[in-house]
Amino acid sequence: MEQYEPDRLSPAVAAAMRRSLRNGRAAMTRRSLLRASAGGALTLGGLGALSACGIPAAGKTSGGVSADDHSAKEKEVNFSNWPEYIDVDDSGKHHPTLDAFRKRTGITVKYTEDINDNDEFFGKIQPQLAAGQDTGRDLIVLTDWLAARMIRLGYVQKLDASNLPHAFANLSDQFRSPDWDPGRAYSYVWQGISTVIAYNKQALDGVEVKSVSDLLDNPKLKGRVGLLTEMRDTVGMTMLDMGKDPAKFTDDDYDAVIARLQKAVDKGQIRRFTGNDYTSDLTKGDFAACVAWGGDIVQLQADNPHVGYVIPDSGYMTSTDNMMIPNKARHKTNAERLIDYYYEPGPAAELAAYVNYVSPVAGVVPYLAKIDKSAASNPLIVPDRAMQAKSHAFRALSSKEETAYQQKFAKLTGA
Amino acid sequence: MAAVTEAPPLAPAPEKKPPRKRGRLVPYWLLLPGILWLIIFFALPMIYQASTSVQTGSLEEGYKVTWHFATYWNALSEYWPQFLRSVLYATAATVLCLLLGYPLAYLIAFRAGRWRNLIMILVIAPFFTSFLIRTLAWKTILADNGPVVHTLNSLHILDLTNWLGWTAGDRVLATPLAVVCGLTYNFLPFMILPLYTSLERIDGRLHEAAGDLYAKPFTTFRKVTFPLSMPGVVSGTLLTFIPAAGDYVNADLLGSTDTRMVGNVIQTQFLRILDYPTAAALSFILMAAILVMVTFYIRRSGTEDLV
């Protein structure tokens, strides 16, 4: 054993010094620290301070609160989107459609991939919007149920139809009038999302999966089935399987679906409820089959020949991600021009060929075929008529319903 | 230039008071940044959360303080299983960390010689990547078709863990075992570092003295080394237990529906259901529970000062 004191003090002296530091009045014990912080907190926050805070009601001004539009002077637009949700060139640094937009209009798009999760993103911008502040974003892309909530809370601005000629003309009928934004006064679709059943052939090992019932009941899949934490997708698909319509259902219908799912959870049939991370479980074969999003499946199939998908006979859910302009955005007109740009069939085809989700633009097929023939004939990217007939949307929920349904669904997933 | 000469010379200070007074205040000035930091990033958010926990309302109508303390009771009666599970998992992970970490810290402190720095770097190296990536890596390691699960299966270890209820079927992922393993792995360095610091301080001659007094190696450890390393044991267990009890990432990625911890509940309540009061109340209950347990623990272990 060697000498442990680096300095030249004798060990006894050093030990005495340490003792005095630790045990004397100068010692910072855990307790004195706790006492100090608790005392500080109490003196600071009297009960009055407690009642003083509170969260203001959401502004209910329909039409939203617009700031002065600086579009003419500042040739830019701040666009927040999800990761890997736009075309990228080979260098990985440029977005060809955005570059083309700048060349044509002179407007620079500041593109940020900072939306990873609807709930989290809402948690992030809600305080600013509730306080009537600029979020620093001119255009955001949110999934339909959150888009509905944003409109309900008055957090987004009404769009100016005169800036949106292409969008108005080319929006495909399927997406024209959702019950939460009739006539698309506040939002336009960025991409549509088909929710289907995906499987891993290797892990399935000959077991046939054709419906949600197979997922929930087949004992051979016990512990190897994945469902989505996105309530509307999981509940919607199960509801269709039970012969009910997600566009008009009652509380009892909802409870019946939850009870059916609960039975599968209790049996140990369901391995996990997941977000986007189901893709790794599926490719590794930890999930034999799961509820999945169409665009992901197109990409997974390109890398992994074992991944396949089925569209149940009972139908499938379609949801949308929507472009919206938050209150107080500085460049509203520029943002509207960008929305309209993506409704021209050319840019829309380039986007669809890259991101592989459902394009909301009618008439995109011939343009898409020129870029990528297989994409133009893939029903996950361009749903054919037979498939469109099976598409269903989840109805809009009141805020009371939303809370109650999310509570029940959270209990199902374990918390 | 002239100004400098004009100033009266300070050297023959006529009064002693001013410099002494200033000297006395210096520590407080030095504390100021830390105190401000604590007020802004600890005390104020705590007050805000405390207020939120006794509010009622909705996003549309806004939230108002109504002193609705029932939220606490409702949260506790609704989610006590998740609380219990958090304490259980965190305790298991802490014990595992101690069992794994103590020998390693001992090795580094007394036996590693010139390898000491290298081993320390290896202990800390996982921190160079993100928490999330490290946890996701466990999903690959423990995959159903991976070598680990195959080995455990062929050795019939999974039969044993199945019987104990730690795993289910031929898998480790999405079971309590995976969550506890993930927690243990992620918080292990927090155990090793304080253990190492307190072991390293022990004077090697004490061991020699114990040997001179005919103590066997184990007796030396029991009577000399371990008692002297107690500050490290206590702070290591605290640094492991407290974050592990509030963690939700491991339970989310490595667990299943029956392994959700209180952190998951708080996350769901706050982000998904938007029930801010319940989320805040749950946080306070967790904090209070940990505080009580920790106080009790420190009292029992008799270590007031944590180095």
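Let me start at one helix contact in chain B. On H8(B), B:Leu183, B:Phe187, B:Phe190, B:Met191, B:Pro194, B:Leu195, B:Thr197, B:Ser198 and B:Leu199 touch B:Pro231, B:Gly232, B:Val233, B:Ser235, B:Gly236, B:Leu239, B:Thr240, B:Pro243 and B:Ala244 on H11(B). Contact means C-beta atoms, placed from the backbone, within 7 Å. By class, that is twelve nonpolar, six polar and no charged residues. Nonpolar covers Ala, Val, Leu, Ile, Met, Phe, Trp, Tyr, Cys and Pro; charged covers Asp, Glu, Lys and Arg; the others, Gly among them, are polar.

This is a predicted model, with local features needing pLDDT of at least 70, side-chain atom pairs pLDDT 80 or more, and totals for chains, interfaces and linings using all residues. Residues are numbered from 1 along each chain as its sequence is written, and chains are lettered from A and ligands numbered from 1 in written order.

Now the geometry. H8(B) and H11(B), residues 230–246, pack at about 160°, axes 8 Å apart. Axes are lines fitted to C-alpha atoms over the stretch in contact, and angles run from 0 to 180 degrees between N-to-C directions. So H8(B) is roughly antiparallel to H11(B).

Next partner. H3(B) and H8(B), residues 176–200, have axes that come within 7 Å and cross at roughly 40°. Therefore these two, H3(B) and H8(B), are oblique. Under 35 degrees counts as roughly parallel, over 145 as roughly antiparallel, 65 to 115 as roughly perpendicular, the rest as oblique. The H3(B)–H8(B) contact has 24 nonpolar residues, two polar and one charged.

Confidence, finally. Chain B averages a pLDDT (predictor's confidence per residue, 0 to 100) of 89. Over residues 1–5 of chain B, pLDDT is below 50.

Definitions and conventions. Contact = placed C-beta atoms within 7 Å. Helix = DSSP H or I, 4+ residues; strand = E, 2+ residues; numbered from the N terminus.
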